[in-house]
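Walk through this structure from overall dimensions down to individual side-chain pairs. The cut-offs come along with the terms.

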Amino acid sequence: MNSKKFEEPIMVTKSFLPPLNEYVQEIERIWSSHWLTNNGHIHNDFESKLSEYLNVEHIALLTNGHLALETALRNLDLEGEVITTPFTFVSTTHAIVNAGLTPVFCDIDINTYNIDVSKIESLITEKTTAILPVHVFGNPCDVEAIDVIAKKYGLKVIYDAAHAFGVEISGRSIASFGDISMFSLHATKIFHSIEGGVLATNNGNHKKLIELYKNFGISGPEDIELIGINAKMNEFQAAMGLINLRYIENHIEVRKKITNLYKRNLLGVPGLSFLGEMQNVKYNYSYLPVLVDPSLYGRNRNELHEKLKEYNIFTRKYFYPLVNDATCYKGKLNSVTPVARVVAENILTLPIYSTLELEDADRICNILKQLAQ
């Protein structure tokens with residue numbers, strides 16, 4: 001039986017909004033204090049709660065994830081080259097370049113879509129000062145292997161954990177690996193503060209410098225210690241994050257059910273494959289990527305992307321194009337990353353959010369089966 005078009009659009013994601021009364025109750029504190037930004041009471045409460053949830057000693061809150069990542073790079077006083085992945089949102093590479101550093105792209109592992117640790121050492125030169133891996137789609141990198149390489153060559157490690165909020169490895173928070181981890185709290189993320197960024201570290205000196213840098217470098221009423229920027233999180237953002245933190249575990253559980261439904265229903269459909277899961281990882285199920293093999297499925301990724309629109313289903317080619325193919329970088333940075341290219345040209349992220357009804361996810365699966373040729 002042919003599946004019908006959805007009456008209302010099914011988007012690839014939908015931002016969660018908590019009960020309005022809870023948010024209003026929280027921001028009433030702003031009207032009482034008239035403290036809107038600059039480390040207000042809500043900001044500090046949110047910072048404390050995040051430190052507890054992520055089980056990391058120091059948390060810094062910034063206005064967005066991109067400025068958070070750029071701040072992390074600048075605060076580690078790096079020079080030269082940073083080894084990273086081209087299969088990521090362009091913000092990762094922009095942050096490296098904006099910090100005055102040169103990105104060096106390492107290919108990815110076809111089984112994880114993360115940086116291929118077996119290829120990192122061949123890219124290390126006398127100019128290399130750091131590795132910036134990305135936990136793509138919230139799937140954790142091989143943190144142990146990266147740690148070994150970093151220690152061997154004296155390199156810093158900054159994790160782009162934009163997708164990985166709430167992820168754990170063997171009971172250990174993903175935030176505790178590397179020198180600094182960055183989390184994005186953008187509205188489309190599984191956990192958000194409207195806009196926002198988090199830097200997590202167990203190093204108190206990093207925390208001190210981050211706080212200086214995000215506030216113009218001001219260290220006192222009459223002292224400006226370093227050249228900084230304005231990247232402070234305001235009280236309204238912090239209030240949204242503080243409320244949403246109450247719901248994060250429920251979101252993860254709901255998304256797990258939706259993910260399992262997709263995988264169960266689409267198991268065995270030729271040409272559609274999902275990332276596997278590691279036994280010792282607590283996932284957050286923030287994204288649902290599927291790799292399309294046109295020789296088996298009968299349509300390529302682009303054709304499927306367009307065909308699903310006819311059913312009012314909106315997917316995303318994420319990440320495409322590769323960063324090293326972006327107009328601003330093409331021909332300027334190394335681009336020999338064949339595995340990343342194959343994934344970028346065949347990846348499609350399917351709709352998933354905590355308010356997606358299971359019956360709607362089931363309908364999407366039936367349409368994907370129906371479209372197979």
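Helices (H or I, at least four residues) and strands (E, at least two) are DSSP runs, numbered from the N terminus. This is a predicted model: local features need pLDDT of at least 70, side-chain atom pairs count only at pLDDT 80 or more, and totals for chains, interfaces and linings use all residues. Residues are numbered from 1 along each chain as its sequence is written, and side-chain values use heavy atoms, with hydrogens and water left out.

Start with the whole. The protein has twelve helices and 15 strands. Its C-alpha atoms fill a box of roughly 75 × 55 × 40 Å along the principal axes. The radius of gyration, taken over C-alpha atoms, is compared with a globule rule of 2.2 Å times the number of residues to the power 0.38. For 373 residues, a compact globule would have a value near 21 Å, and the protein agrees with 21 Å.

Next, burial. Buried means under 20% relative accessible area, exposed over 50%, and partly exposed in between (1.4 Å probe, protein chains only). Of the 373 residues, 53% are buried. Accessible areas come from the Shrake-Rupley method with a 1.4 Å probe; for residues, only the protein chains shown count as cover. The accessible surface comes to about 16,800 Å², and carbon and sulfur atoms hold 51% of that. A contact means heavy atoms within 4.5 Å. Among contacts with a separation of 6 or more, 71% link residues 24 or more positions apart.

Now the strands. Two strands pair if DSSP finds at least two bridges between them. Strand β14 (residues 289-292) is covered on both faces: Pro289 and Leu291 are buried on one side, Val290 and Val292 on the other. Strand β12 (residues 272-274) pairs with β14 in the antiparallel sense over three bridges. There, serine 273 stands opposite leucine 291. Strand β15 (residues 347-349) also runs antiparallel to β14, joined by three bridges. In β15, isoleucine 347 is the bridge partner of leucine 291.

Two other strand residues make a contrast. Serine 173 sits in strand β7 (residues 172-173). Serine 173 counts as buried because its relative accessibility is 8%. Beyond its neighbours within four places in sequence, serine 173 contacts Leu54, Asn55, Val167 and Glu168. Isoleucine 224 belongs to strand β11 (residues 223-224). Isoleucine 224 counts as exposed, at 61% relative accessibility. With Phe216 and Ile218, Ile224 makes a nonpolar surface patch of about 280 Å². Patches are made of residues with over 30% relative accessible area and no salt bridge; like charges are joined within 9 Å, nonpolar side chains (Val, Leu, Ile, Met, Phe, Trp, Tyr) within 5 Å.

Last, the charged pairs. A salt bridge is a side-chain nitrogen of Lys or Arg within 4 Å of a carboxyl oxygen of Asp or Glu. The whole structure holds 16. One of them joins glutamate 26 to arginine 29, with the closest N and O atoms 2.5 Å apart. The two are three residues apart in helix α1 (residues 20-33), so about one helical turn separates them. Glutamate 26 is buried at 9%, whereas arginine 29 is partly exposed at 31%.

Glutamate 277 and lysine 263 also meet in a salt bridge (3.5 Å, N to O). Glutamate 277 lies in the loop between β12 and β13 (281-282) and lysine 263 in helix α8 (residues 248-266), so the pair ties together parts 14 residues apart in sequence.
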